[in-house]
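Hi everyone, thanks for making time.

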Amino acid sequence: MRSTTCSLILALLPMLAGAQTAVSATRAPWVADLGDGRYQNPVLHADYADPDAIRVGDMYYMVSSSFNNAPGLPLLQSSDLVNWELVGHALPALPPASVFAVPQPGKGVWAPALRHHAGKFWIFYPDPDFGVYVMTADRFAGPWSEPHLLLAGKGIIDPAPLWDDDGKAWLVHGWAKSRSGINNILTLRSMSPDATALLDARGKDIINGDLLPGYHTIEGPKLYKANGYYYVFAPAGGVEQGWQSVFRSRRIEGPYEDRIVMARGTSPINGPHQGAWVDGADGKDWFLHFQDKGAYGRVVHLQPMRWRDGWPVIGAEAGQSGVGEPVENYDKPAGKDRGVLVPPTGDEFASPRLGLQWQWNANQAKGWYALDARRGHLRLYAQPAAGSARMAPSVLTQKFPAPAFTVETKLEPHGAQLQRAGLVVLGVQYAWLGLRRSGGVTQLALSRCETPALACVEQVEPLPVTVKGPVYLRARVEEGALVQFSYSLDGVAYTPAGKPFQAVAGRWVGAQIGLMSLAAEGVQDRQSFIDVDYFRVGQ
């Protein structure tokens, strides 16, 4: 049993609904702030893909894509562009609700744009199968308005708005070839200033990568106006090996000239591109972008940015080439010191709300879990699921938070209908360690799905343990995303479970780690569940 003192401390820590404190952040698996006035990249070693960011006053705000996970559109804020805290999600459930009631790998929320205009925060986000949605909020942390479908259509992605000095409003977007049959093109649309409607029938293709030597897959545009120019910051060349280009014109409709302003160069950072130009409170400029790190997802880097002859140079420049390359560490931007902050990872389940880092595999349904059924525990009710756990809506996950880390959890099974439950590493291929009930007996097992398909038959490795009470599960993730599962019955001595599992990315997302509690298909039984005491993430 926990001591009274420990219980009081644990009850106080999650009062911010999962926000990470400066004290606990220093023990987090990955900290970008080096503590000596410098930072290391990535500033977020987690799958906050396709970031867009702005500054309002002395605070910086960031959103990222979230694909099929719910809640969607994570909201992060920082005072120095290095120490980021997760303050919520803009999208509690993905529309249409009937579609996202079940997992839709790779679909849902693609690259969003974040702006502050007319005293409000705005998010424009694309769903490649339905179109471009708009949401607003008076406060960044929310509440946010219901999504308004501004532009219906398939394959319309990566929107970015601009409200011009003359009162006109514009929207630029890219195209997904998988839905529209075209890509490598950026299209400009005329938009009503309140972003409720578009004012043209098709718009104008202002940038065509097919006409530019060596270009392919131009996407992820961000539209700005400065220095007497309209600038379109847009990546090209693909997420794994691409680069960052900038296009500029005196007229918003073009013609545009182009320049590559950041590429890998001699750095170890592959495909550095797609992100946000942010003007610092101290007058300096910065660029946030992602790097595709396979199983770790699209992690976020921060680059210094400077100007020459009306063109930005991002990162460390080689000579006078005008092309920068990513820095691995650099002097921190000036900003208010709020201590070391990182998005939360672990959860002691002592709060009335789940930690903000948790996301479901589909839109959450009522009755999946409870935090008040047993003090200090998460109760995950066994939800009906057939076949692949990858396609179970009620799997609860969070992002890989670092190159190497350890997750430990303690859970206790209840009920005759609990068929599969435990600690899961989810991706196109997945594995889980935990409880499997067969023939009226609950045993420990390691299950793998190493066929990269939506549905597969799990390969089960029974372990010589019959579970009648609590069980302790551990996953150690080493550099390279190699996962070794282990288990214990006393929380002290752990036994390795099977050979290491190679974690891999999901569909457009990194690997995820979390919890599952499943019954057989068609079975609903509120008396079958697991009680999870804690979910601890460490170095």
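Let's start with Asp129 and Arg179, whose side chains meet in a salt bridge at 2.9 Å, N to O. Distant parts of the chain are linked by this pair: Asp129 sits in the loop between strand S7 (120-127) and strand S8 (131-137), while Arg179 belongs to helix H3 (residues 177-180), 50 residues apart. By salt bridge I mean a side-chain nitrogen of Lys or Arg within 4 Å of a carboxyl oxygen of Asp or Glu. Helices (H or I, at least four residues) and strands (E, at least two) are DSSP runs, numbered from the N terminus.

A word on where this comes from: it is a predicted model, so local features need pLDDT of at least 70 and side-chain atom pairs count only at pLDDT 80 or more, while totals for chains, interfaces and linings use all residues. Residues are numbered from 1 along each chain as its sequence is written, and side-chain values use heavy atoms, with hydrogens and water left out.

Now, is Asp129 buried or exposed? Asp129 is buried, because its relative accessible area is 16%; the cut-offs are under 20% for buried, over 50% for exposed and partly exposed in between, with a 1.4 Å probe and protein chains only.

How many salt bridges does a search of the whole structure find? The search finds 27. Another one joins the side chains of Glu450 and Arg448 at 3.6 Å, N to O. Here Glu450 is partly exposed at 42%, whereas Arg448 is buried at 7%.

Then there are Glu478 and Arg476, with side chains that meet in a salt bridge at 3.3 Å, N to O. Glu478 is partly exposed at 39%, and Arg476 is partly exposed too, at 24%.

Finally, the buried spot I promised. Ser447 lies in strand S33 (residues 441-449), and it counts as buried because its relative accessibility is 0%. Its side chain makes a polar contact of 3.1 Å with the side chain of Arg436. That term means a pair of N or O atoms within 3.5 Å; within protein, one must be able to donate a hydrogen and the other to accept it, and residues adjacent in sequence count only if both atoms are side-chain atoms. Leaving aside neighbours within four places in sequence, Ser447 has contacts (heavy atoms within 4.5 Å) with residues including Tyr430, Trp432, Arg436 and Glu458.
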